[in-house]
Amino acid sequence: MLIQTPDQGLFDELFDRDNKVRPHCRMLEQWLINSDETLIAEKRREADVLFQRLGITFNVYGEDQGADRLIPFDLIPRVISASDWHKLQSGLRQRVQALNRFLFDIYHDYDIVKAGVISAEQVFANPQYQPGMQALKLPRNLYCHIAGIDLIRNNDGDFYVLEDNLRCPSGVSYMLENRRMMMRLFPELFAHSPVAPVEHYPNLLGETLRAASLKPDPTVVVLTPGRFNSAYFEHAFLARQMGVELVEGADLFVHQNKVFMKTTVGPQQVDVIYRRIDDDFLDPLAGNPDSMLGVPGLYSAYRTGNVVLTNAMGTGVGDDKSIYPYVPDMIRFYLDEEPILKNVPTWQCRKKKDLQYVLDHLPELVVKEAQGAGGYGMLIGPKASKQELATFRSLLKARPQDYIAQPTLSLSTCPTFVDEGIAPRHLDLRPFVLSGKKIQMVPGGLTRVALKKGSLVVNSSQGGGTKDTWVLEDDLC
């Protein structure tokens with residue numbers, strides 16, 4: 001099949017600047033050239049049927065039909081060299097270690113605030129800051145056990161961290177199912193490629209969750225908001241893969257500051273809750289009184305130390321987009337090291353000079369809500385209409401503290417099967433970092449791809465798809 005060459009000036013994962021195939025991607029190019037278009041189309045339909053049969057769907061909030069949708073799956077994998085992954089892995093470990101140190105600090109000694117690295121207002125007035133977590137001792141001083149770090153590769157060829165997801169990062173089930181699907185549809189590819197495995201992630205996750213408790217054999221559960229949540233498939237998938245119970249709030253109760261699970265043979269004490277519910281909905285007695293998702297008394301049991309929540313309450317301060325610009329400073333402050341991974345230059349609209357710059361250059365910038373997620377509440381200046389620009393200009397003037405802005409980066413592209421054939425599309429990468437007795441991750445992550453030509457928005461809620469991510473165990477292929 002014919003492969004469209006990438007646009008000039010963009011970094012492409014398959015082709016270099018001279019439109020020559022990168023050495024670690026030669027096998028992929030040969031596969032694409034030799035593939036029959038009719039066969040590939042048939043394989044795509046087969047993948048859709050299998051994903052639908054397995055229930056690998058998601059729900060888009062606000063859609064009238066309320067029906068689950070398939071996340072479009074692209075059959076062309078994204079290939080990462082062993083040398084690139086080695087650097088990424090080192091940088092991710094460093095970043096997550098510093099973020100955990102930061103979260104411990106802001107609930108205990110406040111050293112980074114006292115040193116003037118970050119202002120007290122940005123920490124203590126943050127909507128995600130939980131005053132009740134102050135001075136609370138957590139096992140191993142860990143707040144973020146599961147992190148999803150979003151990376152993009154810019155046109156300079158370097159990886160940049162786009163944002164840190166520390167509360168309830170999702171998407172790892174799609175990473176695992178994408179690999180299973182590729183191995184099922186194209187087993188011959190794996191026979192000739194040194195692709196690092198990812199299927200042991202549930203084992204690493206289970207190990208991490210058990211290590212979150214100091215008990216020798218803790219009982220672990222996955223707490224889900226229920227089947228109408230957009231990530232419910234993932235909650236059920238991970239619980240099943242780890243061999244632990246999937247529970248909703250009604251399945252748990254608190255007695256004498258201990259959490260119990262209702263079972264057919266009587267109550268069973270729960271030691272670790274992998275929660276997929278936001279802080280405010282975990283306990284109606286301590287958070288939102290109207291919440292039907294949480295467990296009354298859970299917060300008290302947590303503060304007493306009789307149960308561990310992963311990730312910890314109050315972790316959201318660390319993934320606030322107005323805190324993001326300070327992560328390189330955290331690495332220097334806590335680890336006395338230079339950051340391995342770069343941040344994207346960021347203007348904080350709470351600062352007058354930054355706000356003025358953003359207002360003066362709005363058509364050139366990407367503007368994001370500090371608490372935003374899923375691609376919502378975002379402006380991409382170069383693609384925005386006059387009305388959208390005017391709306392965001394008003395929002396920035398009214399609530400500057402709620403927004404940050406960044407330059408419009410040229411996300412790298414990768415060959416993707418689309419209606420017009422094989423064409424380059426923009427993508428990002430979300431590796432998942434697990435912190436327990438040690439920091440671990442599987443090689444790779446969830447690659448999300450923008451299926452519309454020229455689009456930079458990769459979120460599934462905004463029409464993006466996913467790819468299998470291949471990290472090579474060596475670069476000689």
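Figure 1. At 78% relative accessibility, V265 counts as exposed, where exposed means over 50% relative accessible area, buried under 20% and partly exposed in between (1.4 Å probe, protein chains only). The model shown is predicted, so local features need pLDDT of at least 70 and side-chain atom pairs count only at pLDDT 80 or more, while totals for chains, interfaces and linings use all residues. Residues are numbered from 1 along each chain as its sequence is written, and side-chain values use heavy atoms, with hydrogens and water left out. V265 is placed in the loop between β9 (258-261) and β10 (268-269); helices (H or I, at least four residues) and strands (E, at least two) are DSSP runs, numbered from the N terminus. From V265 to V295 there are 30 residues in sequence and 21 Å in space, C-alpha to C-alpha.

Figure 2. Q348 belongs to strand β14 (residues 347-348). Its relative accessible area is 5%, and Q348 is therefore buried. The side chains of Q348 and Q122 are joined by a polar contact of 3.0 Å. A polar contact is a pair of N or O atoms within 3.5 Å; within protein, one must be able to donate a hydrogen and the other to accept it, and residues adjacent in sequence count only if both atoms are side-chain atoms. Not counting residues up to four places away in sequence, Q348 touches Q122, S322, P325, Y326, D354, L355, Y403 and I404, contact meaning heavy atoms within 4.5 Å.

Figure 3. R350 lies in the loop between β14 and α12 (352-360). With a relative accessibility of 29%, R350 counts as partly exposed. Residues up to four places away in sequence aside, R350 touches E121, Q122, S322, P400 and Q401. The C-alpha atoms of R350 and K397 are separated by 10.0 Å, and the two residues are 47 residues apart along the chain.

**Figure 4. Packing of α12 and α13.** Two packed helices are described by the angle between their axes and the distance between the axes. Helix α13 (residues 386-398) and α12 pack at an angle of about 170°, and their axes are 11 Å apart. This angle makes α12 roughly antiparallel to α13. The contact is made by L355, V358 and L359 of α12 together with R393, L396 and K397 of α13. By class, these residues are four nonpolar, no polar and two charged. Axes are lines fitted to C-alpha atoms, for helices over the stretch in contact, and angles run from 0 to 180 degrees between N-to-C directions. Angles under 35 degrees count as roughly parallel, over 145 as roughly antiparallel, 65 to 115 as roughly perpendicular and the rest as oblique. Ala, Val, Leu, Ile, Met, Phe, Trp, Tyr, Cys and Pro count as nonpolar, Asp, Glu, Lys and Arg as charged, and the others, Gly among them, as polar.

**Figure 5. Packing of α2 and α6.** Helix α2 (residues 37-54) packs with helix α6 (residues 172-185) at an angle of about 135°, and the axes are 11 Å apart. The two helices, α2 and α6, are therefore oblique to each other. On the α2 side the contact is made by K43, E46, A47, L50, F51 and L54, and on the α6 side by E177, N178, M181, R184 and L185. Six nonpolar, one polar and four charged residues make up the contact of α2 with α6.

**Figure 6. N343 in strand β13.** N343 is part of strand β13 (residues 342-343). The relative accessibility of N343 is 16%, so N343 counts as buried. Its side chain makes a polar contact of 3.0 Å with the side chain of R95. The side chain of N343 also reaches the backbone oxygen of Y324 at 2.9 Å. Apart from neighbours within four places in sequence, N343 is in contact with R95, Y160, V161, Y324, P325 and P328.

Figure 7. Most residues other than glycine have a negative phi, and most peptide bonds are trans. N257, which is not a glycine, has a positive phi of about 60°. N257 is placed in the loop between β8 (252-255) and β9, and at 29% relative accessibility N257 counts as partly exposed. D336 has a positive phi near 55° and is likewise a residue other than glycine. D336 lies in the loop between α11 and β13; with a relative accessible area of 70%, D336 is exposed. The peptide bond from T310 to N311 is cis, with omega near -5°. N311 has its place in the loop between β12 (308-310) and α11 (327-335).
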